[in-house]
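Me: Hi! Could you walk me through this model?
Reply: Happy to, here it is.

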Amino acid sequence: MRPAVRRALLVALMASGLAACGNGSGSDTPAPPPPPVVATPQENQFGANFATAYRAANTSAPITPADGDIIPLSLTTNPVNVG
Amino acid sequence: MVKIRTGITAIMALALASTAMPAFASSHREAPGITKMPKVDNTDVYAFQSYEPGRTGFTTLIANFQPGQNPGDGPNYYTMDPDALYEIHIDNLGDAMEHLTFQFQFTNTLKGDKGKTINVGGKDLPIALRQIGPITAPQDGNLGEDEAYTLTLVTGDRRTGTRAAITNASGGGTTFLKPFDNAGNKTIVDYPTYANQFIYNISIPGCAQQGKVFVGQRAEYFAVNLGPIFDLVNFVPIEGDNDPVYGNGSPFPGGITQSENNQELINKKNVTSIALEIPTACLTGTGNGVIGVWSTASLPQARLLRPNPTYKSTALEGGAYVQVSRLGNPLVNELVIGLPDKDLFNAVKPTSDGALLAYVTNPTFPAILDALFRAPVNATLGTNFATLAPTNFPRNDLVATFLTGFAGVNQLKTVTPSEEMRLNTAIAPTPQAAQSTFGVVGNDLAGYPNGRRPGDDTVDITLRVAMGRLCYPIPVAGKLTDLGLCKPADAPTGMVAYTDGAPSSATNILNAFPYLNPPLRGSPRPQNVTNNSFQVIQ
């Protein structure tokens, strides 16, 4: 068999194989991959500005915290389980 | 019973070269994490039927904090942490849950937001000290800062239960004051009289009778020969003479003898006490009259330190409170819990103690003593002890001491293994002069481990119990009684008079609430007396 013919047959075989992996219609677009799971940083649970301060480089200047930077103090809740 | 009878001092010393020892103070700086937070470091808990004459039917609860206070530690001395939650918990059912919690929160306030000021060259400036003249009364004008606290009773879960303010029985106020520490007799001429003004009668929600509260500096009364113990037990820990209290009739040649020189804390250090006296009927609930007691301290979980701190706030804090210190029985977190788990022990509730059970059933401390002393004992005595430590595993005698209480003595209605100080409130208190410093094993059921009084020598009791004293009959109401927890054959040295040589006696402290002596003075030297005419000093 001539090389050009052989290549054509191989391409046809691969195409039919790929089609067999679909749902048979041959016209649907593949399902999109699931979005990557992004874990919420645990420091976010204490307030946005707490998290910012927590993530600051140890060489950076400290922030001056203001009321509201941390979730309110609570006598009645249990602590967050920090991993 | 096996007794060790001949001298081994020098040989024992040789045996101490290579074995590490755990910490050995009731709960003073006992875990790595808590050493970073001394203001919330819980050092001792006491729970006993009030033995002050005329106070039958009351239970005294004391939780001490802030270890190792030198009397002269000015100018700031030892205020409590206003960010913290200090709590004393009561389990009156036996499910290892708190059913009553006494919750303390502190505040410090500068008078006029400046404290004391003086005019210097036309400028009115705050002084660097807390006081500017003699102090005699609460909120004294010469004191620039007032330390106050609120007291809340929580019924049920300490966080989600029902909260109610405990109030001053005189006037109904909800704020109480804490005395200034004992700076010395130029600042406070008569410290006991000054401090007694801070003992408040309190009205407790749901309780027909009034109680009492006091928070303030006191003299340490935890008897312990700490330094030499840390130094690989650098003494022979067996009574060396016929001391009528600490001896057993067989003085051990070369053994340590009782001496005030062996004290690390008594007459040397102060501590801060939170003390309550509560009508017993208001503590026992629907249980069997036994209560489990422990204290804790907690801090806000989130903290941002301020780069521009003020007197009122050095950090922004929020979130829930995280427990960082816990104490029921003395020496448990010191001697029983392994180093990797000490801060975990501080952080959890008694309901979680089952996870640490192996530390009690298979304790390491007796094994360490065995490793330190068995070879020299055998070499000196010509004996062939296979071990000096008890061999009954699991150590049910220690489980009863620390985790369940003793049947018929101090077990709660439901028995849940958990680390609580268990007190049978139905056992009448022993008058001060008649108390045995050895508590239950000294024929005094009103003492440790049935609760704990300040005069109980818990170091020596724990030493002896750890080495198997309860495997032998103990005197109960004068009659030798076999507890059935283990046998004499399990404990070859169970009747040896183990001791650290640091004595204690109830007669050396007050016979009235808050029982612990007024604090040692900052000045003049010597500091190990107090500026008053009432305190008993050894």
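Predicted model: local features only at pLDDT ≥ 70, side-chain atom pairs only at ≥ 80, totals over all residues.

Me: Switching to the fold, how many helices and strands does chain B have?
Reply: Chain B has nine helices and 18 strands. Its radius of gyration is 23 Å, close to the 24 Å from the globule rule for 538 residues, so chain B is as compact as a globular protein of that length. The C-alpha trace spans about 85 × 50 × 45 Å along its principal axes.

Me: What about charges, how far apart are the mean positions of the positive and negative ones?
Reply: They are 3 Å apart, taking 38 positive and 44 negative charges in chain B.

Me: Now the backbone. Which residues does a cis peptide bond join?
Reply: One joins B:G74 and B:P75, with omega about 5°; B:P75 sits in the loop between β2 (58-69) and β3 (85-91). Another joins B:S523 and B:P524, with omega about -5°, and B:P524 is in the segment after β18 (479-481).

Me: What is phi of B:L331, and is that residue buried or exposed?
Reply: Phi is near 75°, a positive value in a residue that is not glycine. B:L331 lies in the loop between β15 (315-327) and α4 (332-336). Its relative accessible area is 1%, so B:L331 is buried.

Conventions:
Residues numbered from 1 in each chain as written. Chains lettered and ligands numbered in written order. Heavy atoms only, no water. Helix = DSSP H or I, 4+ residues; strand = E, 2+ residues; numbered from the N terminus. Rg over C-alpha atoms; globule rule 2.2 N^0.38 Å. Lys, Arg positive; Asp, Glu negative; His and termini not counted. Charge placed at Lys NZ, Arg CZ, Asp CG, Glu CD. Buried < 20%, exposed > 50% of the residue type's maximum accessible area, 1.4 Å probe, protein only.
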